[in-house]
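Subject: Structure handover and notes

Hi,

Here is the structure I promised to pass on. My notes on what turned up in it follow just below.

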Amino acid sequence: MSVAKQNTNKKVTVHTLGNMALKGEKIAMVTAYDYSMAKLVDESDIDVILVGDSAANVMAGYETTLPITLEEMIYHAASVVRGVNRALVTVDLPFGTYQGNSKMALSSAIRIMKETAANAIKLEGGQEILESVNRILSAGIPVMGHLGLTPQSINKFGTYSVRATQESEQKRLIEDALALEEAGCFAVVLEKIPALLAKEISEKLTIPTIGIGAGKYTDGQVLVLHDMLGITQDFSPRFLRRYMSLGEQIRSAVKQYSSDVKSGGFPNENEQY
Ligand code: KIV
């Protein structure tokens, strides 16, 4: 049976994504952190733009996602929203703004929604953050879950290697995914887990699953924009497909510009007033 395609000009909502998953239409999600990139991405048939806390790595140069603040996420998210017409914009709640305190979680989520005009928030974790998830949902804010490798817990895991390879962790992950769905999350990101586990979870859930390093059976995929464009070059996990070598192109363009300036070749007669 052929799959009907969504109207590409209509604003994507959480309901659009649910319907896409029900129809077997894959969801494409990518990160963005600034106005110019968000505008280009939004013009490129993307369903969801994630203002990820990976901004801590790719925009600010931190080793982990832990240092980024709520204010910094708000700055990135508001910039992205100004460049977007169609895609659903989801924003990560940064580390320390929702864990263990559901009132703080709600106030963090409200700040994001009020000060950025984004469409949804994402947070990492399962049953241990359910109280925060419930409180945010009760305010009418759509929540995307994030399970498997959750980078905000890197100090607990110790490494960024594949999660849930053992049966006990797989069982817990399935329970967490079901708990997030039951709470009312509109989608769940599954990061770096075995493909067959992601398949099982995707079959058990009615809400969409969005994978990163979780194989081909999820309802959608997400990548970090700077990784897929080859701007970041020292990060090459198996799941990452690079669609460009933009890093090389930027270096070569800037080198050429520098050489033109130094040789007096730029600007020429037509490039002056
Ligand atoms: O912060 C981020 O970019 C993310 C994706 C890797 C899913 O959470």
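Asp45 is partly exposed, with a relative accessible area of 42% (buried means under 20% relative accessible area, exposed over 50%, and partly exposed in between, with a 1.4 Å probe and protein chains only). You will find Asp45 in the loop between helix 2 (35–42) and strand 2 (48–51); helices (H or I, at least four residues) and strands (E, at least two) are DSSP runs, numbered from the N terminus. The phi of Asp45 is near 65°, a positive value in a residue other than glycine. Ala117 also has a phi near 65°, and Ala117 lies in the loop between helix 5 (102–116) and strand 4. A further backbone point is the peptide bond from Phe266 to Pro267, which is cis, with omega near 0°; Pro267 lies in the segment after helix 11. For background, most residues other than glycine have a negative phi, and most peptide bonds are trans.

Before going further, please keep in mind that this is a predicted model, in which local features need pLDDT of at least 70 and side-chain atom pairs count only at pLDDT 80 or more, while totals for chains, interfaces and linings use all residues. Residues are numbered from 1 along each chain as its sequence is written, and side-chain values use heavy atoms, with hydrogens and water left out.

The largest nonpolar core has 58 residues, and Ile121, Leu123, Ile136, Leu190, Ile193 and Ile201 touch the most other members. Such a core is a set of buried Ala, Val, Leu, Ile, Met, Phe, Trp, Tyr and Cys residues joined through side-chain atoms within 4.5 Å. Helix 4 (residues 70–82) gives this core its largest share, six residues. Apart from it lies another core, of 17 residues, including Val14, Val48, Ile210 and Val222.

His146 sits in strand 5 (residues 143–148) and is buried, with a relative accessible area of 5%. Beyond its neighbours within four places in sequence, His146 is in contact with Lys122, Leu123, Glu124, Gly125, Pro151, Val188, Val189 and Glu191.

Strand 6 (residues 187–191) and strand 7 run parallel and are joined by four bridges; two strands pair if DSSP finds at least two bridges between them. From strand 7 (residues 209–212), Thr209 and Gly211 point one way and Ile210 and Ile212 the other way, and all are buried.

Now for the charges. The structure holds 11 salt bridges, each a side-chain nitrogen of Lys or Arg within 4 Å of a carboxyl oxygen of Asp or Glu. In one of them, the side chains of Arg172 and Glu128 meet at 3.3 Å, N to O. Arg172 lies in helix 8 (residues 167–183) and Glu128 in the loop between strand 4 (120–122) and helix 6 (130–138), so the pair ties together parts that are 44 residues apart in sequence. Arg172 is partly exposed at 37%, whereas Glu128 is exposed at 53%.

Arg172 also forms a salt bridge with Asp176, the closest N and O atoms being 3.3 Å apart. These two are four residues apart in helix 8, so about one helical turn separates them. Asp176 is buried, with a relative accessible area of 7%. Elsewhere, salt bridges that share partners join Glu71, Arg111 and Glu115 into one network.

Gly126 lies in the loop between strand 4 and helix 6 and counts as buried at 0% relative accessibility. Not counting residues up to four places away in sequence, Gly126 touches Leu147 and Asp176. Gly126 and Arg172 are 46 residues apart in sequence and 8.9 Å apart in space, C-alpha to C-alpha.

Happy browsing, and do write back with any questions!

Best wishes

Methods:
Contact = heavy atoms within 4.5 Å.
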